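Please consider the sequence and the three-dimensional model shown here.

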Amino acid sequence: QTCSKQLHELHRAGWVNRYPLGRESRYEFADVLTRMAFETQLDGLEHLRSVFETLMLWRSAPGTTPPESEMYETPWRPSLECAAAASKGNSNATQGHSVQGLCAIPRDALEHRLADARRTLEHTPRNVGAALTELYCLLALERFDTAASRAHELAAIPKRSTVLRAVLGSFEALALDEGGKHAQALDRLQDSEPQTAKAKKTPAAMRAVRALVTGRSERALGHTESALKAFTAAFEYARDADVAASPVLIAHALLEKGVLLAASGAEDGGLRALAYAEDAARKSPDQTHRALLEGAAAFNIGLILARMKQADDADRAFGRAAEAVAQLESDVGHRIHAKALLGRAHTSRSRGTSADALDAYDAALVVMEAGPFPRLSCEALLAKASLLWSLGRLDEVSALHNQVVHSIPRDTPGTALPCLLYTSDAADEEDSV
């Protein structure tokens with residue numbers, strides 16, 4: 001009777017199809033992936049996976065790439081603004097264009113600023129402010145290949161100052177690194193280094209940014225020692241930068257160093273560096289820079305503590321991160337905010353407080369409505385649906401089902417899942433697998 005009642009409820013909720021056969025009824029899961037989830041054993045595990053675990057596997061990239069909500073945050077925009085400001089005074093052809101303040105504006109405003117900069121460059125190709133604004137907007141909009149090629153073109157214009165060429169080289173290297181071309185980024189930095197050395201007084205802020213890009217590329221290539229040396233050099237350069245840029249660059253250098261240490265297994269050292277980064281960020285005179293770096297440091301601390309099974313401390317760190325970036329309008333601010341809320345949801349779930357976890361999932365989904373976060377949204381929906389499923393709230397799960405499936409990014413590589421194909425030959429009534 002219990003089984004019959006449960007099957008009837010599943011049928012009413014749309015999870016199974018019912019096929020009457022005389023006085024009996026046969027049931028089949030309505031969704032193909034659901035059938036695969038319950039009929040397939042993966043990786044030699046004894047338990048069968050739920051549909052939501054299967055969907056997570058289906059949309060996850062092969063290998064050990066962590067979910068987006070569990071990836072560290074090291075925002076580069078504040079430091080890049082400092083590097084651009086370091087070139088101020090090397091040319092008078094700015095004509096009102098500046099990258100200062102771009103860190104705070106949303107995506108559609110970046111598109112407008114990009115269009116304005118390009119219109120200016122059509123008439124005055126040597127306009128420094130317009131050139132840096134174009135590159136910054138392209139990077140912020142994640143058009144890395146275009147940014148790299150444009151930086152190379154702009155640096156090739158004759159009679160550029162040595163410092164400006166080095167700044168453009170840093171933009172190009174960052175675009176290459178963000179686009180996954182880490183070795184090429186290092187080559188570009190090396191190519192522009194002699195030009196930098198010729199400058200009578202290279203700004204410390206620019207040297208710090210170049211060291212930061214070097215460290216990021218070295219880390220991505222697995223060169224831990226070289227990356228650590230680069231981040232240490234960036235910290236030293238940052239200390240010599242001007243009053244406005246110094247706390248930003250110091251916080252960024254410590255942020256990168258803390259992430260590197262934690263990823264290398266030195267969690268305690270990483271936590272110390274990130275705590276210093278959070279403190280340094282609070283000293284920035286720019287409110288947006290302060291919020292981004294402080295929020296990123298707190299989020300990374302929470303991520304490490306969560307992995308160390310210190311749920312209470314992790315929850316407090318995620319709370320600080322969410323509070324720091326709550327008022328920001330930029331994509332990166334929304335992303336850190338959403339990830340911090342997802343972190344709180346995961347820690348609440350680990351402590352068995354399901355109501356708090358569901359509230360945090362809902363808050364994260366609301367934040368993500370402000371930006372293009374397809375993978376993060378998919379992850380949040382899957383996690384919420386999985387929690388509802390475990391609580392037996394099938395009606396709510398059914399309502400989320402289509403939203404979950406349609407949230408899976410189409411360009412995400414899937415994981416191959418072994419399955420049994422059952423067929424019945426009507427001619428001789430023999431079954432085959």
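This is a predicted model: local features need pLDDT of at least 70, side-chain atom pairs count only at pLDDT 80 or more; totals for chains, interfaces and linings use all residues.

Residues are numbered from 1 along each chain as its sequence is written, and side-chain values use heavy atoms, with hydrogens and water left out.

The chain holds 19 helices and 4 strands, which are DSSP runs (helices H or I, at least four residues; strands E, at least two) numbered from the N terminus. Of its 433 residues, 49% are buried, that is, under 20% relative accessible area with a 1.4 Å probe, protein chains only.

The largest nonpolar core has 119 residues; such a core is a set of buried Ala, Val, Leu, Ile, Met, Phe, Trp, Tyr and Cys residues joined through side-chain atoms within 4.5 Å. Leu132, Tyr136, Leu139, Phe171, Leu249 and Met368 touch the most other members. Helix H14 (residues 287-307) gives the most to this core, namely 11 residues.

The largest pocket is lined by 33 residues, and Met71, Tyr72, Glu178, Arg216 and Arg335 lie nearest its centre. A pocket is an open set of points on a 1 Å grid over the protein atoms alone, where a 1.4 Å probe fits, with protein on both sides within 12 Å along at least five of seven lines; lining residues have an atom within 4 Å of a point. Helix H16 supplies the largest share of this lining, 4 residues.

Terms used: Buried means under 20% relative accessible area, exposed over 50%, partly exposed in between (1.4 Å probe, protein chains only).
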